[in-house]
Amino acid sequence: METFDREIKSRLRERFGNTIRFDEPMSRHTYFRVGGPADAFAAPENLDDLAEMIRWCREEAIPFLVIGGGSNLLVTDGGIAGMVIVMTGNLKLIETAVETEESVVVMAMAGAKLQALCRFAVENGFEGLNFALGIPGTVGGAVIMNAGTATGSMADIIESVNIMRPDTGKMQRIDKERLDFTYRTLSWKRAVPDADRQPPIVLDAQCHLKRSDPLKLADEARAILERRRNRQPTNAASAGCFFKNPTGGRTAGELIDKAGLKGISVGGATVSSKHANFIINTGSASATDILALMQIVQDRVADTFHLELEPEVKIVGR
Ligand code: EPU
């Protein structure tokens, strides 16, 4: 389905050149490796380009969706109407911004890989990010999702973030006091009252870390990554844990496992037999397969345990 006519396409090409593509399959940009085409797909090279792109979308009344690494995203087979803007490419600088004897503030741009930030911290002997080892995706995505594990989440280390307002293109710094992080979510309500209509775009994050011993951190990192590889299907095409852990103490993985659902499939989508909260694309899955499997898992867990599993993965598209 095409919503961009020839005239709009040529104007976009004129302004943004090769940074823009049309009818771009989202399966190329998501860890699930599924998803139909985005009408337009843009990778801004700098913040001016980004501001210009969102201004253009606003003026043309074209919806836009900003994405990071696509590691927690399920795009439907119908694809995405409007423009997808991907925050990777050149927006990935990581540097130490403030140093004291005991601590540092590290600035990471939204398009940097979270794992690159973890490595930077370990190599420099900055402690506080090891909880995030092995979590795929970008810093921007990790902020918006409050990415984390049992030992910590982004909320624990974020000092402040710089955002771009989607309505005006203006940049703004928001301190942690005005960022409401909860389990795998960030609410902008206090900082940006009209965020419901279109969430702000995270440009970078300031992370507060403690000075520590690089060798100690590296040892810890090896152990954490090995534990993850042993317990999770880290090499498969998936979006990590599919469902949020419900309140009450039992994890989604445990509930799905106890409901006897490990290994069940719809088309090319399977519930991992290594960790039941992972849905895997074994190669030929469509988004429709994954959504059908999701529904079966939710229904069975609801029947067996009277608990509703809520996806952690963001589902978007036509
Ligand atoms: N369990 C089962 N069967 C399974 C999987 C797990 O019985 O198939 C049981 C385990 O035996 C254990 C309990 O469930 O007693 C918890 O399992 P695990 O330690 O793997 O933790 P989790 O709650 O399933 C969370 C995060 C993961 C993160 C791990 C490690 C969520 C939804 N998941 O998993 O994050 O890697 O802790 O810290 O919060 C992700 O967000 O994408 C993700 C994978």
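This is a predicted model: local features need pLDDT of at least 70, side-chain atom pairs count only at pLDDT 80 or more; totals for chains, interfaces and linings use all residues.

Biologist: What angle does the direction of α2 make with that of β5?

Modeller: The angle between the directions of α2 and β5 is about 165 degrees.

Biologist: And the sheet itself: in what order do the strands come, and what is the pairing?

Modeller: The sheet is open and has 4 strands in the order β1-β2-β5-β3, with mixed pairing.

Biologist: Which strands stand at the edges?

Modeller: The edges are β1 (20-25) and β3 (64-67). Each has a single partner strand, so one side of each has no neighbour in the sheet. On average, neighbouring strands of this sheet are turned by 30 degrees against each other, direction ignored.

Biologist: In what sense do β2 and β5 pair, and over how many bridges?

Modeller: Strand β2, residues 37-42, and strand β5, residues 80-86, pair in the parallel sense over 4 bridges. Ala-42 stands opposite Ile-85 in β5.

Biologist: Let us turn to the other open sheet. What is the strand order there?

Modeller: That sheet consists of 4 strands ordered β16-β19-β18-β17, and the pairing is antiparallel. Its edge strands, β16 (237-241) and β17 (265-266), each pair on one side only. Strands β18 (residues 269-271) and β19 (residues 278-281) are paired over 3 bridges in the antiparallel sense, and Ala-269 has Asn-281 in β19 as its bridge partner.

Biologist: Which strands does α7 lie across?

Modeller: Helix α7, residues 287-305, lies across β17, β18 and β19 and runs at about 30 degrees to β18.

Biologist: What joins β6 to β7?

Modeller: A hairpin through 3 residues joins β6 to β7. Strand β6 covers residues 94-99 and β7 covers residues 103-109; the two run antiparallel and are joined by 5 bridges. Glu-99 stands opposite Val-104 in β7.

Biologist: Now the helix pair, α3 and α5. At what angle do the axes cross?

Modeller: The axes of α3 (residues 114-124) and α5 (residues 214-231) cross at roughly 140 degrees and come within 7 Å.

Biologist: Why are α3 and α5 called oblique?

Modeller: An angle counts as roughly antiparallel when it is over 145 degrees, and the crossing is at roughly 140 degrees. The two helices are therefore oblique to each other.

Biologist: Which residues meet there?

Modeller: From α3, Ala-121, Val-122 and Glu-123 meet Pro-214, Leu-217, Ala-218 and Ala-221 of α5. By class, this contact has 6 nonpolar, no polar and 1 charged residues.

Biologist: A last topic, pockets. What is the volume of the second largest pocket, and which residues line this pocket?

Modeller: The second largest pocket has a volume of about 180 Å³. Its lining includes Cys-57, Arg-58, Ile-62, Pro-63 and Phe-64, and also Pro-166 and Asp-167. Val-192, Asp-194, Ala-195, Arg-197 and Gln-198 line the pocket as well.

Biologist: How do those lining residues divide by class?

Modeller: The lining divides into 7 nonpolar, 1 polar and 4 charged residues.

Methods. Residues are numbered from 1 along each chain as its sequence is written. Side-chain values use heavy atoms; hydrogens and water are left out. On a 1 Å grid over the protein atoms alone, a cavity is a set of points where a 1.4 Å probe fits but cannot get out, and a pocket is an open set with protein on both sides within 12 Å along at least five of seven lines; lining residues have an atom within 4 Å of a point. Grid points are joined across faces, edges and corners, and a volume is the space filled by probe spheres set on the points. Ala, Val, Leu, Ile, Met, Phe, Trp, Tyr, Cys and Pro count as nonpolar, Asp, Glu, Lys and Arg as charged, and the others, Gly among them, as polar. Two strands pair if DSSP finds at least two bridges between them. Axes are lines fitted to C-alpha atoms, for helices over the stretch in contact, and angles run from 0 to 180 degrees between N-to-C directions. Contact means heavy atoms within 4.5 Å. Angles under 35 degrees count as roughly parallel, over 145 as roughly antiparallel, 65 to 115 as roughly perpendicular and the rest as oblique.
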